[in-house]
Amino acid sequence: MKILVKTLKSLGFKIATAESCTGGLVAKMITDISGASSVFEYGVVTYSNQAKTALLGVKPETLDNFGAVSEETAKEMAEGALKLSGGDIAVSVTGVAGPEPSEGKPVGTVCIGVATKETTLAKTFVFSGKRGEIRRQSAKMALNMALFALGETAKREKITQKALTAMKKITNKIKKK
């Protein structure tokens with residue numbers, strides 16, 4: 001995911017991860033890239049619900065009402081990692097990698113969350129294959145979702161920058177009159 005690291009560098013952003021079923025694979029994929037130390041804040045592996053609550057601030061009610069494998073939990077994990085790290089973007093993964101279903105959810109069900117300072121989103125996926133394949137697909141999708149969120153952020157910043165430049169031009173014209 002060289003493009004992710006390159007995009008983070010160009011924006012001057014730092015990323016953090018919160019992982020459950022991927023067990024640190026997302027963090028590994030980022031840190032496998034040369035230069036990642038300038039953009040990777042840190043990663044947290046919260047395999048148990050207790051760890052999700054204690055380290056990331058996932059609400060017990062969220063876990064009780066929706067389960068660990070839910071978009072609601074994925075969002076709170078990403079928001080917790082963002083808050084904990086002080087970074088600019090965080091990605092989370094929680095799911096059922098197998099070999100057995102969990103919480104009534106089939107093997108391959110994975111919820112991925114992405115949080116920035118502006119917004120948080122989560123999406124549920126159903127991946128296929130063996131445990132390792134599901135984990136790899138989940139990690140890759142998490143990185144792709146982070147890249148998408150960064151692209152949206154970059155677009156907003158570019159639009160904001162254009163608006164500021166236009167406002168300065170108008171202000172300068174007014175001052176000259």
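This is a predicted model: local features need pLDDT of at least 70, side-chain atom pairs count only at pLDDT 80 or more; totals for chains, interfaces and linings use all residues.

Now the position. Thr119 sits in the loop that links strand E4 (109-116) to strand E5 (120-126). Thr119 and Thr153 are 34 residues apart in sequence, and their C-alpha atoms are separated by 9.8 Å.

Next, the whole chain. The protein chain contains 6 helices and 5 strands. Their order along the sequence is α-β-α-β-α-α-α-β-β-β-α. The protein chain has 177 residues, and 45% of them count as buried. Take the contacts in the protein chain with a separation of 6 or more: 63% of them come from residues 24 or more positions apart.

H1 spans residues 2-11, and its buried residues are Leu4, Val5, Thr7, Leu8 and Leu11. These residues lie on the same side of H1, because they cover an arc of only 160° around the axis. The other side of H1 carries Lys2, Lys6 and Ser10, which are exposed. Gly12 follows H1, and the phi of Gly12 is positive, near 70°.

A helix pair comes next. Two packed helices are described by the angle between their axes and the distance between the axes. Helix H3 covers residues 49-56 and helix H5 covers residues 71-85. The axes of H3 and H5 come within 9 Å and cross at roughly 40°. That angle makes H3 oblique to H5. The crossing of H3 and H5 is left-handed.

Which residues of H3 and H5 make the contact? From H3 come Lys52, Leu55 and Leu56. From H5 come Thr73, Glu76, Met77, Gly80, Ala81 and Leu84. By class, the contact of H3 with H5 has 5 nonpolar, 2 polar and 2 charged residues.

Back to the starting point.

Note on methods
Residues are numbered from 1 along each chain as its sequence is written. Side-chain values use heavy atoms; hydrogens and water are left out. Buried means under 20% relative accessible area, exposed over 50%, partly exposed in between (1.4 Å probe, protein chains only). Helices (H or I, at least four residues) and strands (E, at least two) are DSSP runs, numbered from the N terminus. The arc is that of the directions from the helix axis to the C-beta atoms. Axes are lines fitted to C-alpha atoms, for helices over the stretch in contact, and angles run from 0 to 180 degrees between N-to-C directions. Angles under 35 degrees count as roughly parallel, over 145 as roughly antiparallel, 65 to 115 as roughly perpendicular and the rest as oblique. A crossing is left-handed if the near helix is turned anticlockwise from the far one by less than a right angle, and right-handed if clockwise. Contact means heavy atoms within 4.5 Å. Ala, Val, Leu, Ile, Met, Phe, Trp, Tyr, Cys and Pro count as nonpolar, Asp, Glu, Lys and Arg as charged, and the others, Gly among them, as polar.
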